[in-house]
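Open the structure in your viewer and follow the stops below in order. Each stop says what to select and what is there.

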Amino acid sequence: MQAEQEDRFQEFVRARWSRLVRTAYLLTGDVHHAEDLTQTALAKAYRSWRRISRTDNPEAYVRRMLVSCNSDRFRKRRVAEALTAAPPERAGRDEGAGRVEERGSLLAGLAQLPPKQRAVVVLRYWEDLSEAEVADVLGCSPGTVKSQASKGLAKLRRYPGLTADRTVSGGRGPGQGPRGEGHSHVPIQGRVQGGSR
């Protein structure tokens with residue numbers, strides 16, 4: 001890899017590492033697995049960086065690799081998971097004890113979802129991707145995204161600690177959304193707050 005490409009890759013890693021690890025954590029339920037998964041995806045990206053860096057959205061490409069590497073992990077063997085209330089990094093202000101409990105319940109509920117449903121819910125509502133973007137990342141149709149999101153949210157609604165009359169916010173504080181849009185929300189009842197794409 002040429003020095004200029006190497007510098008661009010290093011800059012990409014520095015800028016995106018925390019967000020990629022946070023997504024990997026939501027997919028794996030374990031800080032160490034999340035870091036390993038992110039490193040694996042970035043190692044694959046490094047080998048193809050010249051091509052990836054020319055795409056419109058290198059982060060989306062690497063995110064797709066992250067989801068794919070996680071799927072490979074499940075194909076090889078069933079991984080025992082235990083999500084905790086504290087993700088690897090806490091962004092934004094302290095949300096108080098109620099928010100921590102809510103987040104803990106949400107993470108535990110996510111751990112109960114099958115891998116594809118979890119990936120759809122995480123990418124659609126936590127990462128705030130559109131249905132088309134999620135379909136592109138997962139290599140499926142937008143209809144499959146809708147179906148998996150509906151099933152995943154239905155399971156979350158039945159999970160203890162997540163009541164049907166509230167919306168549980170994602171892991172970012174104000175202004176911490178991927179596009180600077182603020183909170184992403186997992187709708188426990190009704191539509192996504194902040195509008196659905």
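**Stop one: an aromatic cluster**

Select Tyr46, which is partly exposed at 31% relative accessibility; buried means under 20% relative accessible area, exposed over 50%, and partly exposed in between (1.4 Å probe, protein chains only). This is a predicted model, in which local features need pLDDT of at least 70, side-chain atom pairs count only at pLDDT 80 or more, and totals for chains, interfaces and linings use all residues. Residues are numbered from 1 along each chain as its sequence is written, and side-chain values use heavy atoms, with hydrogens and water left out.

Rings of Phe, Tyr and Trp (its six-membered ring) pair if their centres lie within 6.5 Å; planes under 30 degrees apart count as stacked, over 60 as edge-to-face and the rest as tilted. Phe12 belongs to helix α1 and Trp49 to helix α3, so the pair ties together parts 37 residues apart in sequence. Helices (H or I, at least four residues) and strands (E, at least two) are DSSP runs, numbered from the N terminus. Both Phe12 and Trp49 are buried. With all four selected, Phe9, Phe12, Tyr46 and Trp49 make up one aromatic cluster.

**Stop two: the cysteines**

Select Cys69, buried with a relative accessible area of 8%, then Cys140, also buried at 17% relative accessibility. How many disulfides are there? The count is zero, where a disulfide is a pair of cysteine sulfur atoms within 2.5 Å.
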